[in-house]
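Here is a briefing on one protein chain. Keep the sequence and the 3D view open while you read.

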Amino acid sequence: MTTRDQPHLLRRRPCQRRSRSILLLLAAVCLGAVVLIVSLSVALTRSEQTTQTSSSNTGVGASSSSSSSWNDMEQRSSTDDLVPTPSPSSLTSSSSSIAKMTPLSTSSPSSESSTTTASPAASTSAPSESPTTAPFLDSNHVVSHVVSHNDDDNNNITEETVQGSFTLLETVSHDTGSFTQGLEVLSATRVHGSNSGNGNSLYMLESSGLYGRSNLRIVDISSGQVLQQVNVDGQYFAEGCTYFPYQNKYKVVQLTWKSGTGLVYDLDYDFQNGNTNVPALSLVGTFPIQTTNGEGWGIVYHPQLDQFIVSDGSSNLHFWKLRSSSDSDNDGDLEFDLVRTLPVTRRLSLESSWTSVWRLNELEWDPHSNTILANVWQQNHIVRIRLDDGKVTHQYDLSSLSRPSGADVLNGIAAVWDSRTTSSVDQFWVTGKLWSQMYRIQLVDN
(Lines give C-alpha, C1' and ligand atoms only; values in the text may rest on other atoms or scores of the structure.)
Protein backbone atom coordinates (compact mmCIF):
# COMPACT_ATOMS: atom_id res chain seq x y z
CA MET A 1 0.00 0.00 0.00
CA THR A 2 1.42 3.46 -0.93
CA THR A 3 0.90 6.79 0.69
CA ARG A 4 -1.36 7.73 -2.14
CA ASP A 5 -3.64 5.00 -0.91
CA GLN A 6 -3.50 6.52 2.61
CA PRO A 7 -4.24 10.28 2.36
CA HIS A 8 -4.05 10.73 6.19
CA LEU A 9 -0.26 9.97 6.06
CA LEU A 10 0.25 12.78 3.58
CA ARG A 11 -1.40 15.21 5.98
CA ARG A 12 0.69 14.01 8.97
CA ARG A 13 4.22 14.29 7.46
CA PRO A 14 4.60 18.16 7.45
CA CYS A 15 3.75 18.18 11.20
CA GLN A 16 6.43 15.60 11.93
CA ARG A 17 9.03 17.60 10.01
CA ARG A 18 8.20 20.75 12.00
CA SER A 19 8.51 18.88 15.30
CA ARG A 20 11.92 17.52 14.38
CA SER A 21 13.12 21.01 13.39
CA ILE A 22 11.99 22.46 16.70
CA LEU A 23 13.75 19.68 18.63
CA LEU A 24 16.98 20.21 16.70
CA LEU A 25 16.79 23.96 17.33
CA LEU A 26 16.28 23.44 21.08
CA ALA A 27 19.19 21.01 21.18
CA ALA A 28 21.45 23.53 19.42
CA VAL A 29 20.43 26.28 21.86
CA CYS A 30 21.15 24.05 24.88
CA LEU A 31 24.52 23.00 23.47
CA GLY A 32 25.46 26.64 22.84
CA ALA A 33 24.53 27.57 26.42
CA VAL A 34 26.71 24.78 27.80
CA VAL A 35 29.68 25.89 25.69
CA LEU A 36 29.22 29.51 26.85
CA ILE A 37 29.10 28.52 30.52
CA VAL A 38 32.24 26.39 30.24
CA SER A 39 34.11 29.21 28.44
CA LEU A 40 33.17 31.77 31.12
CA SER A 41 34.26 29.37 33.85
CA VAL A 42 37.68 28.81 32.26
CA ALA A 43 38.22 32.55 31.74
CA LEU A 44 37.31 33.31 35.37
CA THR A 45 39.72 30.64 36.64
CA ARG A 46 42.59 32.01 34.55
CA SER A 47 41.88 35.55 35.79
CA GLU A 48 42.03 34.45 39.42
CA GLN A 49 45.30 32.58 38.83
CA THR A 50 46.84 35.64 37.19
CA THR A 51 45.79 37.87 40.10
CA GLN A 52 47.25 35.47 42.65
CA THR A 53 50.54 35.25 40.74
CA SER A 54 50.78 39.03 40.47
CA SER A 55 50.12 39.44 44.20
CA SER A 56 52.76 36.92 45.18
CA ASN A 57 55.41 38.65 43.09
CA THR A 58 55.09 41.85 45.13
CA GLY A 59 55.82 40.16 48.45
CA VAL A 60 58.93 38.96 50.18
CA GLY A 61 59.46 36.17 47.69
CA ALA A 62 59.97 38.35 44.63
CA SER A 63 62.28 36.86 42.02
CA SER A 64 65.93 37.74 41.69
CA SER A 65 65.35 39.13 38.21
CA SER A 66 62.86 41.60 39.67
CA SER A 67 65.43 42.55 42.29
CA SER A 68 67.93 43.29 39.56
CA SER A 69 65.53 45.62 37.80
CA TRP A 70 65.25 47.78 40.91
CA ASN A 71 68.92 48.50 40.86
CA ASP A 72 68.76 49.69 37.27
CA MET A 73 66.37 52.32 38.60
CA GLU A 74 69.02 54.01 40.77
CA GLN A 75 69.42 56.81 38.25
CA ARG A 76 69.09 59.84 40.60
CA SER A 77 67.12 61.88 38.05
CA SER A 78 66.67 65.44 39.28
CA THR A 79 63.56 65.92 37.18
CA ASP A 80 61.69 62.86 38.49
CA ASP A 81 58.95 63.56 41.02
CA LEU A 82 58.90 61.63 44.25
CA VAL A 83 56.58 58.73 43.57
CA PRO A 84 55.31 55.78 45.62
CA THR A 85 57.42 52.66 45.25
CA PRO A 86 55.89 50.39 42.58
CA SER A 87 56.21 46.64 42.55
CA PRO A 88 59.52 45.22 41.33
CA SER A 89 57.93 43.48 38.36
CA SER A 90 56.54 46.72 37.00
CA LEU A 91 60.04 48.05 36.37
CA THR A 92 61.48 45.08 34.51
CA SER A 93 60.77 46.39 31.04
CA SER A 94 61.30 50.11 31.66
CA SER A 95 64.29 50.43 33.97
CA SER A 96 66.97 50.13 31.31
CA SER A 97 65.64 53.10 29.35
CA ILE A 98 66.16 55.66 32.13
CA ALA A 99 69.32 57.74 31.79
CA LYS A 100 71.67 59.14 34.45
CA MET A 101 71.00 62.59 35.71
CA THR A 102 72.67 65.57 34.02
CA PRO A 103 74.32 67.73 36.71
CA LEU A 104 72.50 70.99 37.39
CA SER A 105 75.37 72.76 39.11
CA THR A 106 78.05 74.39 36.98
CA SER A 107 80.53 74.91 39.83
CA SER A 108 83.94 73.43 39.08
CA PRO A 109 85.39 70.80 41.42
CA SER A 110 88.61 71.25 43.35
CA SER A 111 91.87 70.80 41.49
CA GLU A 112 92.96 68.10 43.94
CA SER A 113 92.09 64.77 42.34
CA SER A 114 92.82 61.10 42.67
CA THR A 115 92.59 58.24 40.17
CA THR A 116 92.24 54.57 41.07
CA THR A 117 92.33 51.27 39.21
CA ALA A 118 89.62 48.72 39.93
CA SER A 119 90.88 45.34 41.12
CA PRO A 120 87.87 43.32 42.30
CA ALA A 121 88.58 40.11 44.18
CA ALA A 122 86.55 36.93 44.30
CA SER A 123 83.58 36.89 46.67
CA THR A 124 83.94 34.84 49.84
CA SER A 125 81.10 34.03 52.22
CA ALA A 126 81.33 33.17 55.91
CA PRO A 127 78.81 31.89 58.45
CA SER A 128 76.24 34.48 59.49
CA GLU A 129 76.61 36.36 62.77
CA SER A 130 73.94 37.86 65.01
CA PRO A 131 74.09 41.47 66.24
CA THR A 132 75.06 42.12 69.84
CA THR A 133 73.74 44.70 72.28
CA ALA A 134 75.36 48.09 71.85
CA PRO A 135 76.82 49.63 75.05
CA PHE A 136 75.72 53.05 73.72
CA LEU A 137 72.12 52.15 74.58
CA ASP A 138 70.59 54.87 76.76
CA SER A 139 68.72 53.51 79.79
CA ASN A 140 66.33 56.46 79.53
CA HIS A 141 65.62 55.63 75.90
CA VAL A 142 64.56 51.99 76.08
CA VAL A 143 62.02 51.66 73.29
CA SER A 144 60.82 48.63 71.38
CA HIS A 145 60.39 50.75 68.20
CA VAL A 146 57.49 48.47 67.28
CA VAL A 147 53.79 48.67 68.10
CA SER A 148 52.35 45.37 69.33
CA HIS A 149 48.73 44.28 69.49
CA ASN A 150 46.99 41.39 71.16
CA ASP A 151 45.33 39.09 68.66
CA ASP A 152 42.39 37.83 70.72
CA ASP A 153 41.43 35.19 68.16
CA ASN A 154 44.60 33.14 68.52
CA ASN A 155 46.21 34.73 71.59
CA ASN A 156 49.28 35.90 69.60
CA ILE A 157 51.15 39.20 69.61
CA THR A 158 51.20 40.94 66.24
CA GLU A 159 53.29 43.91 65.11
CA GLU A 160 53.05 46.68 62.56
CA THR A 161 55.29 49.47 61.29
CA VAL A 162 54.58 52.78 63.05
CA GLN A 163 54.21 56.06 61.17
CA GLY A 164 56.59 58.54 62.84
CA SER A 165 57.36 62.22 62.40
CA PHE A 166 60.10 64.68 63.36
CA THR A 167 60.86 67.97 65.10
CA LEU A 168 63.08 70.50 63.31
CA LEU A 169 65.88 71.72 65.62
CA GLU A 170 68.38 73.56 63.41
CA THR A 171 69.07 74.53 59.81
CA VAL A 172 72.57 75.09 58.33
CA SER A 173 73.88 75.71 54.82
CA HIS A 174 74.61 72.86 52.40
CA ASP A 175 76.53 72.96 49.11
CA THR A 176 74.05 72.86 46.22
CA GLY A 177 76.76 71.28 44.08
CA SER A 178 76.87 68.18 46.26
CA PHE A 179 74.92 65.19 44.94
CA THR A 180 74.81 63.71 48.46
CA GLN A 181 75.25 59.93 48.66
CA GLY A 182 76.81 59.49 52.11
CA LEU A 183 76.91 61.62 55.27
CA GLU A 184 78.63 61.07 58.64
CA VAL A 185 79.71 63.24 61.59
CA LEU A 186 83.39 62.77 62.51
CA SER A 187 82.97 61.86 66.18
CA ALA A 188 85.39 60.67 68.86
CA THR A 189 82.45 59.10 70.67
CA ARG A 190 81.61 57.03 67.63
CA VAL A 191 85.07 55.53 67.24
CA HIS A 192 86.19 55.34 70.88
CA GLY A 193 82.98 54.94 72.89
CA SER A 194 81.22 57.13 75.42
CA ASN A 195 82.85 60.09 77.18
CA SER A 196 85.62 60.41 74.59
CA GLY A 197 86.92 63.47 72.81
CA ASN A 198 86.10 67.11 73.43
CA GLY A 199 82.33 66.66 73.19
CA ASN A 200 81.89 68.93 70.19
CA SER A 201 82.53 67.47 66.73
CA LEU A 202 82.98 70.15 64.11
CA TYR A 203 83.25 68.26 60.85
CA MET A 204 81.24 66.11 58.51
CA LEU A 205 82.32 63.46 56.01
CA GLU A 206 80.26 63.65 52.79
CA SER A 207 80.28 61.59 49.58
CA SER A 208 78.99 63.22 46.39
CA GLY A 209 78.01 61.29 43.25
CA LEU A 210 77.55 61.55 39.46
CA TYR A 211 79.93 60.37 36.73
CA GLY A 212 82.73 62.86 36.20
CA ARG A 213 81.76 64.85 39.31
CA SER A 214 82.06 62.36 42.17
CA ASN A 215 84.17 63.25 45.20
CA LEU A 216 84.73 62.75 48.92
CA ARG A 217 84.84 65.87 51.07
CA ILE A 218 85.34 67.26 54.57
CA VAL A 219 82.65 69.80 55.51
CA ASP A 220 82.42 72.31 58.35
CA ILE A 221 79.09 71.50 60.00
CA SER A 222 78.17 75.00 61.20
CA SER A 223 78.89 76.86 57.96
CA GLY A 224 78.52 74.14 55.32
CA GLN A 225 81.90 75.15 53.88
CA VAL A 226 83.82 72.46 52.01
CA LEU A 227 87.27 72.31 53.64
CA GLN A 228 88.77 69.55 51.49
CA GLN A 229 87.62 67.68 48.40
CA VAL A 230 89.21 64.61 46.82
CA ASN A 231 87.86 64.04 43.31
CA VAL A 232 87.06 60.52 42.12
CA ASP A 233 88.11 59.17 38.72
CA GLY A 234 85.44 59.76 36.08
CA GLN A 235 84.78 56.04 35.55
CA TYR A 236 83.16 55.86 39.00
CA PHE A 237 79.79 57.05 40.29
CA ALA A 238 80.45 57.57 44.03
CA GLU A 239 77.93 56.30 46.58
CA GLY A 240 77.86 55.95 50.38
CA CYS A 241 80.84 56.30 52.71
CA THR A 242 81.85 55.48 56.29
CA TYR A 243 84.94 55.78 58.50
CA PHE A 244 86.45 53.42 61.08
CA PRO A 245 89.56 52.87 63.23
CA TYR A 246 92.26 50.77 61.59
CA GLN A 247 95.66 49.80 63.06
CA ASN A 248 95.98 52.84 65.33
CA LYS A 249 94.79 55.17 62.59
CA TYR A 250 91.58 55.81 60.64
CA LYS A 251 90.31 54.90 57.20
CA VAL A 252 87.32 55.76 55.03
CA VAL A 253 85.65 53.42 52.55
CA GLN A 254 83.52 54.82 49.73
CA LEU A 255 81.23 52.71 47.57
CA THR A 256 80.71 53.19 43.85
CA TRP A 257 77.51 52.38 42.00
CA LYS A 258 78.06 49.77 39.27
CA SER A 259 81.81 49.29 38.93
CA GLY A 260 82.04 46.55 41.58
CA THR A 261 84.88 48.51 43.17
CA GLY A 262 85.06 50.59 46.34
CA LEU A 263 87.67 53.21 47.24
CA VAL A 264 89.86 53.36 50.37
CA TYR A 265 91.15 56.60 51.96
CA ASP A 266 93.42 57.40 54.86
CA LEU A 267 91.79 59.84 57.30
CA ASP A 268 94.28 62.01 59.20
CA TYR A 269 92.44 63.45 62.19
CA ASP A 270 93.02 63.78 65.93
CA PHE A 271 89.62 62.71 67.24
CA GLN A 272 90.66 63.29 70.85
CA ASN A 273 91.56 66.94 70.17
CA GLY A 274 89.40 67.76 67.19
CA ASN A 275 89.73 71.53 67.54
CA THR A 276 93.47 71.43 66.86
CA ASN A 277 93.50 70.18 63.27
CA VAL A 278 91.29 69.93 60.19
CA PRO A 279 90.74 66.34 58.94
CA ALA A 280 92.64 65.37 55.79
CA LEU A 281 91.83 62.66 53.23
CA SER A 282 94.09 60.78 50.82
CA LEU A 283 93.10 58.01 48.41
CA VAL A 284 95.24 54.90 49.02
CA GLY A 285 93.50 51.81 47.59
CA THR A 286 90.44 49.88 46.45
CA PHE A 287 88.32 46.90 47.48
CA PRO A 288 85.79 44.61 45.73
CA ILE A 289 82.08 45.13 46.46
CA GLN A 290 80.08 42.05 47.50
CA THR A 291 76.31 42.52 47.46
CA THR A 292 73.22 40.80 46.08
CA ASN A 293 73.66 42.42 42.67
CA GLY A 294 77.26 43.66 42.80
CA GLU A 295 76.26 47.31 43.23
CA GLY A 296 77.05 49.70 46.09
CA TRP A 297 74.55 52.22 47.44
CA GLY A 298 74.83 52.90 51.19
CA ILE A 299 77.29 51.83 53.89
CA VAL A 300 77.76 52.36 57.63
CA TYR A 301 80.29 51.00 60.12
CA HIS A 302 78.79 49.35 63.24
CA PRO A 303 81.51 49.73 65.91
CA GLN A 304 80.00 47.25 68.35
CA LEU A 305 79.69 44.49 65.76
CA ASP A 306 82.93 45.61 64.12
CA GLN A 307 81.11 45.08 60.83
CA PHE A 308 80.00 47.16 57.87
CA ILE A 309 76.32 47.22 56.87
CA VAL A 310 75.77 47.78 53.14
CA SER A 311 72.79 48.40 50.84
CA ASP A 312 72.63 47.85 47.08
CA GLY A 313 69.20 49.20 46.13
CA SER A 314 67.53 45.85 46.72
CA SER A 315 65.55 44.92 49.85
CA ASN A 316 68.62 43.38 51.54
CA LEU A 317 71.20 44.62 54.02
CA HIS A 318 74.63 43.00 53.73
CA PHE A 319 76.99 42.57 56.68
CA TRP A 320 80.71 42.70 55.88
CA LYS A 321 83.65 41.72 58.07
CA LEU A 322 87.03 43.26 57.29
CA ARG A 323 89.70 40.66 56.63
CA SER A 324 92.95 40.72 58.56
CA SER A 325 95.57 43.09 57.17
CA SER A 326 97.91 40.11 56.74
CA ASP A 327 95.63 38.88 53.93
CA SER A 328 96.49 41.86 51.75
CA ASP A 329 99.85 42.65 50.14
CA ASN A 330 98.98 46.35 49.97
CA ASP A 331 98.15 48.33 53.11
CA GLY A 332 95.87 50.55 51.05
CA ASP A 333 93.79 47.77 49.52
CA LEU A 334 91.15 46.08 51.69
CA GLU A 335 89.02 42.95 51.42
CA PHE A 336 85.76 42.08 53.13
CA ASP A 337 83.89 38.84 53.78
CA LEU A 338 80.11 38.80 53.36
CA VAL A 339 78.99 37.22 56.65
CA ARG A 340 75.24 37.85 56.60
CA THR A 341 72.40 39.01 54.35
CA LEU A 342 69.28 40.45 56.02
CA PRO A 343 65.98 40.92 54.10
CA VAL A 344 64.12 44.10 55.15
CA THR A 345 60.32 44.08 55.45
CA ARG A 346 57.57 46.38 56.71
CA ARG A 347 53.90 46.02 57.61
CA LEU A 348 51.86 49.19 57.28
CA SER A 349 48.71 47.80 58.91
CA LEU A 350 47.52 44.72 60.77
CA GLU A 351 45.38 43.85 57.75
CA SER A 352 48.44 43.65 55.47
CA SER A 353 51.44 41.31 55.31
CA TRP A 354 55.13 41.99 55.89
CA THR A 355 56.44 43.01 52.46
CA SER A 356 59.92 43.77 51.13
CA VAL A 357 61.28 47.33 51.25
CA TRP A 358 63.06 47.94 47.94
CA ARG A 359 65.62 50.61 46.97
CA LEU A 360 67.29 50.91 50.37
CA ASN A 361 69.88 53.65 49.99
CA GLU A 362 71.95 55.74 52.46
CA LEU A 363 72.36 54.12 55.91
CA GLU A 364 73.12 55.27 59.46
CA TRP A 365 73.48 53.39 62.75
CA ASP A 366 71.46 54.68 65.72
CA PRO A 367 73.58 53.92 68.80
CA HIS A 368 70.76 54.59 71.24
CA SER A 369 68.46 51.84 69.97
CA ASN A 370 70.96 49.71 68.00
CA THR A 371 68.88 50.02 64.84
CA ILE A 372 69.66 51.09 61.27
CA LEU A 373 68.07 54.15 59.67
CA ALA A 374 67.79 54.12 55.88
CA ASN A 375 66.75 56.43 53.09
CA VAL A 376 64.55 54.80 50.45
CA TRP A 377 65.35 56.15 47.01
CA GLN A 378 62.69 58.54 45.63
CA GLN A 379 60.77 58.49 48.92
CA ASN A 380 60.27 61.30 51.44
CA HIS A 381 60.62 59.05 54.46
CA ILE A 382 63.29 57.33 56.54
CA VAL A 383 62.79 53.78 57.79
CA ARG A 384 64.12 52.34 61.07
CA ILE A 385 65.29 48.71 60.71
CA ARG A 386 65.72 46.18 63.50
CA LEU A 387 68.97 44.25 63.23
CA ASP A 388 67.74 40.92 64.54
CA ASP A 389 64.96 40.28 62.02
CA GLY A 390 65.07 43.12 59.45
CA LYS A 391 61.62 44.47 60.32
CA VAL A 392 60.92 48.17 59.80
CA THR A 393 59.68 49.36 63.18
CA HIS A 394 59.09 53.01 62.21
CA GLN A 395 58.68 55.02 59.03
CA TYR A 396 59.33 58.76 59.51
CA ASP A 397 57.69 61.24 57.13
CA LEU A 398 60.11 64.07 56.22
CA SER A 399 58.11 65.47 53.30
CA SER A 400 57.66 68.87 54.99
CA LEU A 401 61.40 69.67 54.85
CA SER A 402 62.07 72.50 52.44
CA ARG A 403 64.15 71.91 49.33
CA PRO A 404 64.93 74.27 46.44
CA SER A 405 63.25 73.97 43.07
CA GLY A 406 65.16 71.59 40.80
CA ALA A 407 66.89 69.79 43.67
CA ASP A 408 66.92 66.01 43.73
CA VAL A 409 65.68 63.51 46.30
CA LEU A 410 66.09 63.24 50.07
CA ASN A 411 69.35 61.42 50.86
CA GLY A 412 71.88 61.61 53.66
CA ILE A 413 71.52 60.67 57.35
CA ALA A 414 74.15 61.36 60.02
CA ALA A 415 73.77 60.75 63.75
CA VAL A 416 74.44 64.01 65.60
CA TRP A 417 76.72 62.31 68.16
CA ASP A 418 78.67 65.05 69.92
CA SER A 419 78.32 67.66 67.18
CA ARG A 420 76.03 69.49 69.61
CA THR A 421 76.38 69.72 73.40
CA THR A 422 72.74 68.84 74.07
CA SER A 423 71.44 65.27 74.28
CA SER A 424 71.69 63.65 70.86
CA VAL A 425 69.14 60.86 71.43
CA ASP A 426 67.20 60.38 68.18
CA GLN A 427 68.86 63.47 66.67
CA PHE A 428 70.17 63.31 63.10
CA TRP A 429 71.47 65.58 60.38
CA VAL A 430 69.59 65.05 57.10
CA THR A 431 69.79 66.61 53.66
CA GLY A 432 69.28 65.75 49.98
CA LYS A 433 71.01 65.70 46.60
CA LEU A 434 71.77 69.27 45.49
CA TRP A 435 69.89 70.67 48.50
CA SER A 436 70.84 74.13 49.79
CA GLN A 437 70.27 73.25 53.44
CA MET A 438 71.04 70.54 55.97
CA TYR A 439 68.68 69.97 58.89
CA ARG A 440 69.19 68.77 62.44
CA ILE A 441 66.03 66.93 63.39
CA GLN A 442 64.75 64.79 66.23
CA LEU A 443 62.75 61.74 65.20
CA VAL A 444 59.40 61.33 66.95
CA ASP A 445 57.83 57.91 67.51
CA ASN A 446 54.14 58.77 67.19
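The points below go from the whole chain to its sheets, then to single residues and charge pairs.

This is a predicted model. The protein chain has three helices and 24 strands. Of its 446 residues, 49% count as buried.

**Whole chain**

- The protein chain exposes about 20100 Å². Carbon and sulfur atoms supply 50% of that area.
- Residues 24 or more positions apart account for 64% of them.
- The structure holds 13 salt bridges.

**A nonpolar patch**

- Ile22, Leu23 and Leu26 make a nonpolar surface patch of about 310 Å².
- Ile22 sits in helix H1, which covers residues 7–57.

**The eight-stranded sheet**

- Eight strands form an open sheet with mixed pairing. The order is E18-E19-E20-E21-E3-E24-E23-E22.
- Strand E18 (360–366) and strand E22 (410–415) are the edge strands, and each pairs on one side only.
- Neighbouring strands of this sheet are turned by 30 degrees against each other on average, direction ignored.
- Strand E3 (residues 162–173) pairs with strand E21 (residues 392–397) in the parallel sense, over three bridges. In this pairing, Val162 stands opposite His394 in E21.

**Ile441 in strand E24**

- Strand E24 spans residues 437–444 and includes Ile441.
- Ile441 has a relative accessible area of 0%, so this residue is buried.
- Ile441 touches residues from several parts of the chain's numbering, among them Phe166, Leu168, Leu398, Phe428 and Val430. Asp426 and Gln427 are also on its contact list.
- Ile441 and Glu170 are 271 residues apart in sequence. In space, their C-alpha atoms are 7.0 Å apart.

**The four-stranded sheet**

- Four strands form an open sheet in the order E8-E9-E10-E11, with antiparallel pairing.
- Strand E8 (238–246) and strand E11 (280–288) stand at the edges. Each has a single partner strand, so one side of each is left without a neighbour in the sheet.
- Neighbouring strands of this sheet are turned by 25 degrees against each other on average, direction ignored.
- Strand E9 (residues 249–256) and strand E10 (residues 261–268) run antiparallel and are joined by five bridges. Here Gln254 stands opposite Leu263 in E10.

- Strand E5 (residues 203–208) is mostly covered, with six of its six residues buried.
- In a regular strand the side chains alternate between the two faces of the sheet.
- Both faces of E5 are covered. Tyr203, Leu205 and Ser207 are buried on one side. Met204, Glu206 and Ser208 are buried on the other.
- Strand E4 (residues 180–185) pairs with E5 in the antiparallel sense over five bridges. Thr180 stands opposite Ser208 in E5.
- E5 also runs antiparallel to strand E6 (residues 215–220), and six bridges join them. Glu206 stands opposite Arg217 in E6.
- E5 and E6 form a hairpin with six residues between them. Leu210 in the turn has a positive phi of about 95 degrees.

**Salt bridges**

- Side chains of opposite charge can pair when their charged atoms come close.
- Glu184 and Arg190 meet in a salt bridge through their side chains (3.3 Å, N to O). Is this pair buried or exposed? Glu184 counts as buried because its relative accessibility is 1%. Arg190 also counts as buried, at 2%.
- Lys321 forms a salt bridge with Asp306, and their closest N and O atoms are 3.3 Å apart. The pair links distant parts of the chain, 15 residues apart. Lys321 is in strand E14 (residues 316–322). Asp306 is in the loop between strand E12 (298–302) and strand E13 (307–311).
- Lys321 counts as partly exposed at 26% relative accessibility. Asp306 counts as partly exposed at 37%.
- The side chains of Arg386 and Asp388 also meet in a salt bridge (3.5 Å, N to O). Arg386 counts as buried at 16% relative accessibility, whereas Asp388 counts as exposed at 52%.
- Arg386 and Asp388 belong to a network of salt bridges that also links Glu159, Asp389 and Lys391.

How values were computed
Residues numbered from 1 in each chain as written. Predicted model: local features only at pLDDT ≥ 70, side-chain atom pairs only at ≥ 80, totals over all residues. Heavy atoms only, no water. Patch = residues over 30% accessible without salt bridge, like charges linked within 9 Å, V, L, I, M, F, W, Y side chains within 5 Å. Areas by Shrake-Rupley, 256 points an atom, 1.4 Å probe, with all protein chains shown as cover. Salt bridge = Lys/Arg side-chain N within 4 Å of Asp/Glu carboxyl O. Helix = DSSP H or I, 4+ residues; strand = E, 2+ residues; numbered from the N terminus. Buried < 20%, exposed > 50% of the residue type's maximum accessible area, 1.4 Å probe, protein only. Pairing = 2+ DSSP bridges. Axes fitted to C-alpha atoms, helices over the stretch in contact; angles between N-to-C directions. Contact = heavy atoms within 4.5 Å. Lists of a residue's contacts leave out its neighbours within four places in sequence.
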